[in-house]
Amino acid sequence: MAKITYIEHSGQKHEIDVANGLTVMEGAVQNDIPGIDADCGGSMACATCHVYVKEDWFPKLPNKETGEDDMLDQAYEPKANSRLSCQITVSDELNGLVVHLPEKQV
Amino acid sequence: MIKTDALIIGAGPTGLFCAHQLGIIGLKCEIVDNLDKIGGQCIELYPDKPIYDIPAIPECTGEELTNNLIEQIKPFNINFHLSDRVQEIKKEKKNWRVKTLNGKEFLTPNIVIAGGVGSFEPRKFPTKSADKFDGKTVLYSIKDKTIFKDKSVVIFGGGDSALDWAIELSKSSKVTLIHRRDEFRGAQSSVDKVKELQKNNKLEIFTKYSIKDIKGNGKLESVEIKDDDGNSKLISADYVLGFFGLIMQLGPILDWGLNIDKKTIPVNTETFETNKQGIFAIGDICTYPGKLKLILSGFHEGALAARGCFKYARPDEKLRFEFTTTSKAVQNRLGLKND
């Protein structure tokens, strides 16, 4: 279990306990957090679960798999700390993770 | 105007199999899709990716699945209306009058929405200043490449479209290619070609830059780009092209008075009809308790929706349940010769 803070573009914060094994995307979708669309359902086939990972957390996350950057090219305003939240699996180590949601996904 | 028993919106696997099921029970249908090819997400998003959860097919790619479905519906001679989008629907007595973007009209008692997550549209630049040049000098697809002759063209993107057009247009235009990172995701041969052109000063490349602003008063003059540290650079341009892939948007479906729940359409699980009589929703776009966004669920949903269409298409007939293995009528529809 990890406490994850999702911060909407408006600044609205959501602190959610997400079970291990779920993805950061699923944590958001299951808790009705607006700002993560996840159109493709987590198959890394779209870029609508795009998040900006808080800078100090970014290097602590497992590396991107092949293909994630290719999809991020197609995200709305990707930055150096961009990730697809469907590709981040929650574990105890991620307790305290903070992700910012982009202004929009599409 | 085209009269048909059912109009299917979306030529993905779910729409294709629903067409098959309509054909099996003797109904005619037409299929409209926004893409220029058949296959939906399977062909647009993952043509080469293997799929492992199609019943009785241990492994196949999105393209193979699509080709097999096309083969399977061949006996029914279904008309496809590609690169078109259903724009407007209107109830007319017991039928729906349907109009598309390209001006086609259909009259049908049944509409089956198999639209996935919506229609694919190019992702646009995030900068508001791009909007005023949209469709004129800021473009997301190319219809006529001659307009770029002897012009300065700035191309954004790192995939095949961006690379292919950079190579092509560098023959007769001043091309600048801009991508947000060092690696390009296009074919290696295109990446090599672009780098060779750069070496020979046939085009310029800036990586780790993204768009900041598009400048020009009435006429496009330049593009401002920025790197991750906020440093910016101004590049003069007559045309700006963006190739950021496609996004999916529900579009006009939102205006048809259907119940919508988080970009999906609630249905009853008996016939997959929506809150509007004669409008069905199947595949990723529909929702109900227990919904799984799997292709196999879409097949099941299409089979039931087809039966749902029957009562509106043939109100005076009773649908008989028949097996393809034994029914002569069904085998005739499949074009099989009976001994």
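1. Two residues are in contact here if their C-beta atoms, placed from the backbone, lie within 7 Å. Chain B has 339 residues, and 40% of them are buried. Buried means that 20 or more other C-beta atoms lie within 10 Å of a residue's own; exposed means 12 or fewer, and partly exposed is in between, again with C-beta atoms placed from the backbone.

2. Keep in mind what you're looking at: this is a predicted model, where local features need pLDDT of at least 70, side-chain atom pairs count only at pLDDT 80 or more, and totals for chains, interfaces and linings use all residues. Residues are numbered from 1 along each chain as its sequence is written, while chains are lettered from A and ligands numbered from 1 in the order in which they are written. As for confidence, pLDDT is the predictor's own value for each residue, from 0 to 100. Chain B has a mean pLDDT of 95, with 99% of its residues at 70 or more. The scores for the model are ipTM 0.82 and pTM 0.79.

3. Now the layout of chain B. Its C-alpha trace spans about 70 × 40 × 40 Å along the principal axes. Chain B has 7 helices and 23 strands; these are DSSP runs numbered from the N terminus, helices being H or I with at least four residues and strands being E with at least two. There are domain 1 (2-121 + 247-333) and domain 2 (124-244), with bounds from an automatic or database domain assignment. The C-alpha centres of domain 1 and domain 2 of chain B are 38 Å apart.

4. Have a look at helix 4 of chain B, residues 160-169. Which of its residues are buried? They are Ser161(B), Ala162(B), Leu163(B), Trp165(B), Ala166(B) and Leu169(B). The cover over the buried residues of helix 4 includes strand 13 (152-156), strand 14 (174-179), helix 5 (188-199), strand 15 (203-207) and strand 19 (239-242) of chain B.

5. Strand 19 runs parallel to strand 12 (residues 138-139) of chain B, joined by 2 bridges, and Leu139(B) stands opposite Leu241(B). Strand 13 of chain B also runs parallel to strand 19, with 4 bridges; here Phe156(B) has Gly242(B) as its bridge partner. Strands count as paired if DSSP finds at least two bridges between them.

6. There's also an open sheet of 3 strands in chain B, in the order 16-17-18, with antiparallel pairing. Its edge strands are strand 16 (209-215) and strand 18 (232-236) of chain B, each pairing on one side only. From one strand to the next, the twist averages 30°; the axes behind that angle are lines fitted to C-alpha atoms, for helices over the stretch in contact, and angles run from 0 to 180 degrees between N-to-C directions. Strand 17 (residues 222-227) of chain B pairs with strand 18 over 5 bridges, and Lys226(B) has Ser232(B) as its bridge partner.

7. Two loop residues in chain B are worth checking. Ser83(B) isn't a glycine, yet has a positive phi of about 50°. Ser83(B) sits in the loop between strand 6 (79-81) and strand 7 (86-92) of chain B, and counts as partly exposed because it has 13 C-beta neighbours inside 10 Å. Lys93(B), not a glycine either, also has a positive phi of about 50°. Lys93(B) lies in the loop between strand 7 and strand 8 (95-100) of chain B. Is Lys93(B) buried or exposed? Lys93(B) is exposed, because 7 other C-beta atoms lie within 10 Å.

8. Over in chain A, find Cys40(A) in the loop between helix 1 (24-30) and strand 3 (50-53) of chain A. With 23 other C-beta atoms within 10 Å, Cys40(A) is buried. Leaving out residues up to four places away in sequence, Cys40(A) touches Ala45(A) and Cys46(A).

9. Finally, where the chains meet: the contact takes 14 residues from chain A and 19 residues from chain B. On the side of chain A that touches chain B, the residues divide into 6 nonpolar, 2 polar and 6 charged. Nonpolar covers Ala, Val, Leu, Ile, Met, Phe, Trp, Tyr, Cys and Pro; charged covers Asp, Glu, Lys and Arg; the others, Gly among them, are polar.
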